Amino acid sequence: MNTTDGPTDEHWIDPEIIRPYVVTRGRTAPTRGRFDLISMALAIGPPPGPEAGLDPEHLSILRLCREPKSVAEIAAHLNLPAGTIRVLLGDLFDRELVSAQEPQSEVDMRDVKMYRAVLDGLRSL
């Protein structure tokens, strides 16, 4: 009888990796939207009932987002990676259970003056 019938170190998978993978069903990106770390999510409408078939993580997000929360805040509250939160928010967005506000860029990326200011700042270092 072999006393090493259990998993070996080389076959052991960290549960911190497994949980997000299972929660998102292996998906790594939301179906729509980017959901930056500072994107704001807000639950809309009444809380869904059990017939909605939502996972516990989805329901936790909806409870948190009764007031606007950023992706970073949601990730911190639920102790999940931001990428996982993005996927879950995408699910809720698709079902019209949350609204999302993407951050607005205050800088026109085609503005040559902005690039000159950055270069001047780097040169002064």
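1. Basis of the note. The model is predicted, and local features are taken at pLDDT of at least 70, side-chain atom pairs only at pLDDT 80 or more, whereas totals for chains, interfaces and linings use all residues. Residues are numbered from 1 along each chain as its sequence is written, and side-chain values rest on heavy atoms, with hydrogens and water left out.

2. Overall architecture. The chain holds five helices and three strands, where helices (H or I, at least four residues) and strands (E, at least two) are DSSP runs numbered from the N terminus. Along the sequence these elements follow the pattern α-β-α-β-α-α-β-α. Of the 125 residues, 27% count as buried, a term that stands for under 20% relative accessible area, with exposed meaning over 50% and partly exposed in between (1.4 Å probe, protein chains only). Among contacts (heavy atoms within 4.5 Å) between residues at least 6 apart in sequence, 71% join residues at least 24 apart.

3. The sheet. The three strands form an open sheet in the order S2-S1-S3, with antiparallel pairing; S2 and S3 are the edge strands, each pairing on one side only. Two strands are taken to pair if DSSP finds at least two bridges between them. Strand S1 (residues 40–43) is joined to S2 (residues 69–70) over two bridges, with Met-40 opposite Ser-70. Four bridges join S1 to S3 (residues 98–101), and in this pairing Ala-43 stands opposite Val-98.

4. Helix H3. The buried residues of H3 include Val-71, Ile-74, Ala-75 and Leu-78. Seen down the helix axis, the buried residues of H3 fall within an arc of 100 degrees, so they line one face of the helix; the arc is that of the directions from the helix axis to the C-beta atoms. An α-helix has 3.6 residues a turn, so residues three or four places apart point the same way. On the other side of H3, Ala-76 and His-77 are exposed.

5. Positive phi values. Most residues other than glycine have a negative phi, and two residues here deserve a look on that account. Asn-79, which is not a glycine, has a positive phi of about 55 degrees; this residue comes just after H3, in the loop between H3 (71–78) and H4 (82–94), and counts as exposed at 60% relative accessibility. Glu-96 likewise has a positive phi, near 60 degrees, lies in the loop between H4 and S3, and is exposed with a relative accessible area of 63%.

6. Surface. The accessible surface of the chain comes to about 9100 Å², of which 58% belongs to carbon and sulfur atoms; such areas come from the Shrake-Rupley method with a 1.4 Å probe, and for residues only the protein chains shown count as cover. Val-118, Leu-119, Leu-122 and Leu-125 form a nonpolar surface patch with about 440 Å² of accessible area together. Patches are made of residues with over 30% relative accessible area and no salt bridge, like charges being joined within 9 Å and nonpolar side chains (Val, Leu, Ile, Met, Phe, Trp, Tyr) within 5 Å; a salt bridge is a side-chain nitrogen of Lys or Arg within 4 Å of a carboxyl oxygen of Asp or Glu.
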